[in-house]
Amino acid sequence: MTGARQPGIFVITGPSGVGKGTLIAALRERHPELGLSISATTRAPRAGEEDGVAYHFLADAEFDRRLAAGDFVEHANYAGHRYGTLRSELERHTRERKPVVLEIEVEGARQVRDAIPSAVLVFIAPPSQAALRRRLEERGTDAPATIAKRLAVAEEELAARNEFPHVIVNDQLDAAVGALEEIYLRPPPPPTPSR
Ligand code: ADP
Ligand code: 5GP
């Protein structure tokens, strides 16, 4: 089933390695109308990551310039690098009345919640901290020191799960994709009447 819902903004948050990217890819396979917001970052590209596809890779000064120009909807420091959602990325999809999904860390998700009250926020949790460590190690994209930093940040992020209206534990992947799809297809609440 595709295209059954109103266009909206979906935010998928949670610690690094929990499976946010995997879940979003699976949801977008089922729902090709769902666009992906390509974030900006100052971290270096990993092997195989293309500029403008995985991320908009920016030098620090360029990130600053765009921040000062008001180009970001949200931005955060994460494990020594900066990440942010460009307004133009959201507009690219919402202009065509298409839904869009953001994959961002917790601080950025809070900022989107405050800036865009209609955004649907979903926190992805791991079945255990040991499973999170294993996934980061087995993904093989990060050096041990980077993994250690990410796990330290994850402790704080996991403590924030109750701030989010939807929490999905990504244990069995199929079940987690199903839970995410259910949220994606849920009709938005009626607008609150203005007085
Ligand atoms: P994130 O985008 O949150 O950093 P990824 O989507 O890159 O996380 O997933 C991290 C690793 O965990 C990947 O190697 C992925 O294949 C694996 N993974 C994702 N979901 C599951 C799951 N439900 N069970 C086991 N491994 C998973
Ligand atoms: P990675 O370096 O693994 O690609 O991403 C590190 C963390 O930054 C992940 O938790 C990811 O979700 C988050 N992230 C990616 N893009 C953005 C963004 O635009 N804004 C914020 N706040 N976080 C982001």
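1. A polar contact, as the term is used in this note, is a pair of N or O atoms within 3.5 Å; within protein, one of the two must be able to donate a hydrogen and the other to accept it, and residues adjacent in sequence count only if both atoms are side-chain atoms.

2. The model is predicted, with local features needing pLDDT of at least 70 and side-chain atom pairs counting only at pLDDT 80 or more, while totals for chains, interfaces and linings use all residues. Residues are numbered from 1 along each chain as its sequence is written, chains are lettered from A and ligands numbered from 1 in the order in which they are written, and side-chain values use heavy atoms, with hydrogens and water left out.

3. Asparagine 170 belongs to the loop between strand E9 (166-169) and helix H7 (173-185), helices (H or I, at least four residues) and strands (E, at least two) being DSSP runs numbered from the N terminus. Asparagine 170 counts as buried, at 4% relative accessibility, where buried means under 20% relative accessible area, exposed over 50% and partly exposed in between (1.4 Å probe, protein chains only).

4. Ligand 1 has 14 residues around it, of which Gly17, Lys20, Thr22, Arg139 and Asp171 come nearest; a residue is near a molecule if one of its heavy atoms lies within 4 Å of it. Oxygen atoms of ligand 1 lie 2.8 Å from a backbone N or O atom of lysine 20 and 2.8 Å from a polar side-chain atom of arginine 139, while a nitrogen atom of ligand 1 lies 2.8 Å from a backbone N or O atom of aspartate 171. On its own ligand 1 has 570 Å² of accessible area, and the protein covers 73% of that, the areas coming from the Shrake-Rupley method with a 1.4 Å probe.

5. Helix H1 (20-30) and helix H5 (129-139) each supply at least two residues of the shell around ligand 1, and the largest share, 3 residues, comes from H1.

6. Around ligand 2 there are 16 residues, and Ser39, Arg43, Tyr55, Tyr83 and Arg150 come nearest. Oxygen atoms of ligand 2 are found 2.9 Å from a polar side-chain atom of arginine 46, 2.7 Å from a polar side-chain atom of tyrosine 83, and 2.6 Å from an N or O atom in the side chain of arginine 150. Taken alone, ligand 2 exposes 510 Å², of which the protein buries 96%. The elements that give two or more residues to the shell around ligand 2 are strand E5 (72-78) and strand E6 (81-86).

7. Two residues deserve a look at their backbone angles. Most residues other than glycine have a negative phi. Alanine 79, in the loop between E5 and E6, has a positive phi of about 50 degrees although it is not a glycine. Arginine 97, in the loop between helix H3 (87-94) and strand E7 (100-103), has a positive phi near 55 degrees, and arginine 97 is exposed, with a relative accessible area of 59%.

8. Lysine 149 lies in helix H6 (residues 144-159) and counts as partly exposed, at 48% relative accessibility. The C-alpha atoms of lysine 149 and serine 37 are separated by 25 Å, the two residues being 112 residues apart along the chain.
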